Amino acid sequence: MPTPNTNASTTVEPRLTHRPLAPATAAPQHGVSGARAVLLPVVIVLAIGSIFVSVFLSAFHAPAPHDLPVAVVGSTAQADRITDGLERGLPGGFEVKHYADEDSARQAVQDRTVYAAYLIGDGTSAELLYAGANGPSVTSTVAGAFSGIAQANGDRLDQHDVTPASAGDTRGMSVFYAGFGIVLAGYLFGMMTYQMAPRLPYRWRMASLAAFSVLGGIAVALITGSLGFAALPGPFLGIAGITALMAAAISSATMVFLRLFGRAGVPLASVVLLIFGNATSGGTLPTAYLPDWLHPLSQILPVGVGVRALQGLSHFVNDGLVMGITVLAAWTLAAAAALYWRDTRAPRAQPAA
């Protein structure tokens, strides 16, 4: 029987085992758990709802004007008597401006320097010029106040609407709904862009923001203009441009809230931009009807300056247009700069949805 050659070198081939690759695991979710998971959503949402109810009731539960600008045409003594009468009827309600003639007062109503003009007659009649485009609430306020003045003086009051509302906006509410719609859309876009593409490069995110803003402006101008409901009769490009700036300002501001504050940025953005923004927009009532503590927000938040610019383009000889463009552009540029710093300079952290 042959003996195996023990001197021969034996080569042992290593046995390769092929293990399947483990599936990629998703990044851990750092959410809350336990009692916090049960109670925290309840607390946050109830807080937002309470803020909404409180702010809107504070603004609109019993609206009354505060220093609403109105004009009086007549002698200085007559204007002083009218001022005293208005103050007795509604203390603090009106800011009376004295105009020398009817033409200048009419122009002031048409460009919304004042909300009404009272022309003192020859002792038997008086005339009230108002702008129906300001809405029925303002018309009711000024008509009621000056009717009382005329009645006290024994005058017949003739009323003339020098800037009527458009046929598609008889209640003067369309600008509020248009503004609310673009604010809501901008808020949702600002959240979704980081939720759906958290690692999108800054330049492409800005391109997406520009596309959304331009298309949103065009859509609102089409819907509210002569091709849609004929609610905002201003120039198409003007309405589209202001609406696009509003969309850009709201969207970029929402992004900043989300990037700087993470999960907390979502409720913060909803309170600042949706609740306070829409409550102080002036779309339902002029900002002169707001309480003193809310009035300043109408001049700095994107919604208020945008709505006033849209109203000016549509009815009031571009009233508020320059201020609207300036404030909206400032919001957008400041937000873009903050996002550039956060997304390209600061260490990247995936934003919380």
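Select Ser 125 to begin: setting aside residues up to four places away in sequence, Ser 125 touches Ile 120, Asp 155 and Arg 156, where contact means heavy atoms within 4.5 Å. The structure is a predicted model, in which local features need pLDDT of at least 70, side-chain atom pairs count only at pLDDT 80 or more, and totals for chains, interfaces and linings use all residues. Residues are numbered from 1 along each chain as its sequence is written, and side-chain values use heavy atoms, with hydrogens and water left out.

Ser 125 belongs to strand β4 (residues 125-130); helices (H or I, at least four residues) and strands (E, at least two) are DSSP runs, numbered from the N terminus. Is Ser 125 buried or exposed? Ser 125 is buried, because its relative accessible area is 17% and buried means under 20%, exposed over 50% and partly exposed in between (1.4 Å probe, protein chains only).

Next, select Arg 156, which is in strand β5 (residues 156-161). Apart from neighbours within four places in sequence, Arg 156 contacts Thr 124, Ser 125 and Ala 126. Between Arg 156 and Thr 124 the C-alpha to C-alpha distance is 6.3 Å, although 32 residues separate them in sequence.

Now move to the surface and select Val 214, Leu 215, Ile 218, Leu 222, Ile 223, Leu 227, Phe 229, Phe 236 and Leu 237. Together they form a nonpolar patch with about 970 Å² of accessible area. Two elements, α6 (202-224) and α7 (236-261), each give two or more residues to this patch, and α6 supplies the largest share, five residues. Patch members have over 30% relative accessible area and no salt bridge; like charges are joined within 9 Å and nonpolar side chains (Val, Leu, Ile, Met, Phe, Trp, Tyr) within 5 Å. A salt bridge is a side-chain nitrogen of Lys or Arg within 4 Å of a carboxyl oxygen of Asp or Glu. Areas come from the Shrake-Rupley method with a 1.4 Å probe, and for residues only the protein chains shown count as cover. Within helix α6, Val 214 is partly exposed, at 48% relative accessibility.

Finally, display α7 with helix α8 (residues 265-279): their axes are 8 Å apart and they pack at an angle of about 145°. The contact involves Ile 250, Ala 253, Thr 254, Phe 257, Leu 258 and Phe 261 of α7, together with Gly 265, Val 266, Leu 268, Ala 269, Val 272 and Leu 273 of α8. Axes are lines fitted to C-alpha atoms, for helices over the stretch in contact, and angles run from 0 to 180 degrees between N-to-C directions.
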